[in-house]
Amino acid sequence: MTLPLHELAALGTATCWATTGLFAADAVRALGPFYFNLIRQIFVTVLLLLIVWATSAWGSLDLHQALILAASGVIGILIGDTFNFAAVGRMGPRRAGAIFALNAPMAAILGWAVLGEALPLQAVLGIALTAAGVALAILGRPRSNAHRFETLQGRFLIGAGFALLAALGQALGSLIARPVMATGIDPYLASLFRVGASGMVMGVLAGLPLAPKPLARPSPHILLLTAGTAVIGLLIGMTLFLYALQGGKTGIIATLSATSPVIILPLLWLRTGQRPSGLSWCGALLAVAGLALIFLR
């Protein structure tokens, strides 16, 4: 069976976001989530400007669409990503990912309620199985001899609240962008307006007296980590996600993109040396079963 390109793109997004979550924790804890997100957005905005200029994609977007994408970026990237990285800094990528994966059912419900995206029963079951599998896969990791990625900094409920706000921001950002992407807008141009608008607002906020202060002066190593996660997660991952939204329903695309916590299991194993538990692998299999229901609908 040949899988639809848009849904394959969503799985590519999940892979990019899994890699970002794995390597972002140290940089987030060094810079703080606000400035980590701001630096990566400035870097990616410059890259996207160069790509759009080179491909001459400017003419495919009108002012109304640009404003919608800008609003989507502020909600999905400024709010969603900043709170997500705040959760990663406090809870580590595993716990934060468990809660952030709730953006998939949130997006499915919002897509049905707001955009009228009716989903067949088989797709609904697939979404439910995938979300449950993702939760099992990351919550089932062993707690003994915890790696620094597994350490909890601050109160758990605060970190959980950050992850829930991140999930809601991601779901709302997807919902807002979906009608514009369905018109066939160039994904790089759409990414430019989303990332650029979010970065501009964050830059203004950074100049306010109440803005958070950087936790430390970034070292070359931290800047390299930040740039790497920006290219993988924001430039490649976000562009793939927007391409996926061109041809897929919001709930399904969000669900496929939310499988990053399953993809991160073997990556965490390689990075930390801690083998995932049997429950984690059962969750991964359950998620794969859910994906099969979605693809075979």
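In which helix is Ile42 found? Ile42 sits in helix H2, residues 33-55, helices being DSSP runs (H or I) of at least four residues, numbered from the N terminus. The model is a predicted one, with local features needing pLDDT of at least 70 and side-chain atom pairs pLDDT 80 or more, while totals for chains, interfaces and linings use all residues. Residues are numbered from 1 along each chain as its sequence is written, and side-chain values use heavy atoms, with hydrogens and water left out.

Ile42 counts as partly exposed because its relative accessibility is 49% (buried is under 20%, exposed over 50%, partly exposed in between; 1.4 Å probe, protein chains only). Together with Val46 and Leu50, Ile42 makes a nonpolar surface patch of about 270 Å²; patch residues have over 30% relative accessible area and no salt bridge, with nonpolar side chains joined within 5 Å and like charges within 9 Å. Areas come from the Shrake-Rupley method with a 1.4 Å probe.

As for charge pairing, the count comes to one salt bridge (a Lys or Arg side-chain nitrogen within 4 Å of an Asp or Glu carboxyl oxygen). Asp81 pairs with Arg40, with 3.3 Å between the closest N and O atoms. Asp81 belongs to helix H3 and Arg40 to helix H2, so the pair ties together parts 41 residues apart in sequence. Both Asp81 and Arg40 are buried.

Notes. Helices (H or I, at least four residues) and strands (E, at least two) are DSSP runs, numbered from the N terminus.
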